[in-house]
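Reader: I would like to go through this structure term by term, asking each time what stands behind the word that is used. Could we take the wording slowly?

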Amino acid sequence: MSSALGIFGGTFDPIHYGHLRMAEELANALSLEEVRFIPAGQPPHRASPRTDAKHRLEMTRLAITGNPRFVLDDREMREPRASYTFDTLTSLRHELGADRPLWLLMGTDAFLGLTAWKEWRQLFNLAHIAVAHRPGYRLTQSDMLPDILRRELEHRRCGAPPASPAESIFLKPMTALDISATGIRQHLSSGTSARYLLPDTVLNYIQQQHLYTTS
Ligand code: ATP
């Protein structure tokens, strides 16, 4: 059986301990050999990231340095077009072959919005989805969970990670870290400390490059 690979896309504007801990806990729970961090170039479902792609890429590189399981993948930034997860997974499938288990990692807030994603039903032909509980977003009792996605969840939910390459949904409670990039940007623009919400190496880079100084 080939080893499982995690795919973790995000704006990472900036990357923080909520992201890193989520990737670490899901990697352990799913026995992932590797987690690919894929910073979004131009996310289609939200306001444009306020920070240049090159800075978000560098901050992600700094944050994952020292963890041999975490790997940076800049494929979405190489595209001049908007990046869709469907296209990213298609290109990864093409590279990695049909048999390798792929796990798309996301927090509950991202999962609740899944039906707005391009070809969202097709995502299950390309990968499994692992959802880590994010503070403030309840999933199973949530009014925010569309019926169509609730049915998909009931049908696909698995108790233990399957060996198949794609198709399932795995829900995982994680250490609750109520950290958001929005909150960090607010600290930085108002001049209050963001220390211990993100790695010092990332914070030092932000200060050197004078990022997030205005709201
Ligand atoms: P912003 O505040 O700018 O919206 P964010 O902190 O939500 O940013 P993103 O880059 O948009 O960060 O998130 C990427 C992924 O990481 C999403 O799937 C999101 O659900 C997940 N995530 C972000 N923060 C946390 C957290 N504190 N705990 C669990 N998952 C998280």
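Author: Let us begin with the terms for secondary structure: helices (H or I, at least four residues) and strands (E, at least two) are DSSP runs, numbered from the N terminus. S31 lies in the loop between α1 and β2, the latter spanning 32-39. As for the basis of what follows, this is a predicted model, in which local features need pLDDT of at least 70 and side-chain atom pairs count only at pLDDT 80 or more, while totals for chains, interfaces and linings use all residues. Residues are numbered from 1 along each chain as its sequence is written, and side-chain values use heavy atoms, with hydrogens and water left out.

Reader: Why is S31 called exposed?

Author: The word rests on relative accessible area, where buried means under 20%, exposed over 50%, and partly exposed in between (1.4 Å probe, protein chains only). S31 has 58% relative accessibility, so it counts as exposed. The backbone of S31 also has a positive phi of about 50 degrees, although this residue is not a glycine.

Reader: What makes E167 partly exposed?

Author: The relative accessible area of E167 is 42%, so it is described as partly exposed. E167 is placed in the loop between α7 (147-156) and β6 (169-172), and this residue, which is not a glycine, has a positive phi of about 115 degrees.

Reader: Why does H210 count as exposed?

Author: H210 reaches 62% relative accessibility and therefore counts as exposed. It is in the segment after α9 (200-209), and the C-alpha atoms of H210 and L188, which are 22 residues apart along the chain, are separated by 9.8 Å.

Reader: How do you know that H19 is buried, and what does H19 touch?

Author: With 15% relative accessibility, H19 counts as buried. H19 is found in helix α1, residues 17-29, and, not counting residues up to four places away in sequence, it touches F8, F12 and P14, where contact means heavy atoms within 4.5 Å. P14 itself is found in the loop between β1 (4-10) and α1, and the peptide bond that leads from D13 to P14 is cis, with omega near 5 degrees.

Reader: What makes L92 a buried residue?

Author: L92 has a relative accessible area of 0%, so it is buried. This residue of helix α4 touches I7, R36, I38, D73 and R75, if residues up to four places away in sequence are not counted. The C-alpha atoms of L92 and T65, 27 residues apart along the chain, are separated by 22 Å.

Reader: Why is T88 called buried, and with which residues is T88 in contact?

Author: T88 has a relative accessible area of 8%, and therefore it is buried. It lies in helix α4 and, leaving aside neighbours within four places in sequence, is in contact with I38, R75 and E76.

Reader: What makes a region a pocket, and which residues line the second largest pocket?

Author: On a 1 Å grid over the protein atoms alone, a pocket is an open set of points with protein on both sides within 12 Å along at least five of seven lines, whereas a cavity is a set of points where a 1.4 Å probe fits but cannot get out; lining residues have an atom within 4 Å of a point. By that test R75, E76, R78, E79, R81, A82, S83, Y84, D87, T88, S91 and E95 line the second largest pocket. Helices α3 (75-78) and α4 (85-96) are the elements that give two or more residues to this lining, and α4 gives the most, with 4 residues. R81, another lining residue, is placed in the loop between α3 and α4 and, at 52% relative accessibility, counts as exposed.

Reader: Why is the protein called as compact as a globular protein of that length?

Author: The protein has 9 helices and 6 strands. Its radius of gyration is 17 Å, close to the 17 Å that the globule rule gives for 215 residues, so it is as compact as a globular protein of that length. The radius is taken over C-alpha atoms, and the rule is 2.2 Å times the number of residues to the power 0.38. Buried residues make up 47% of the 215 residues.
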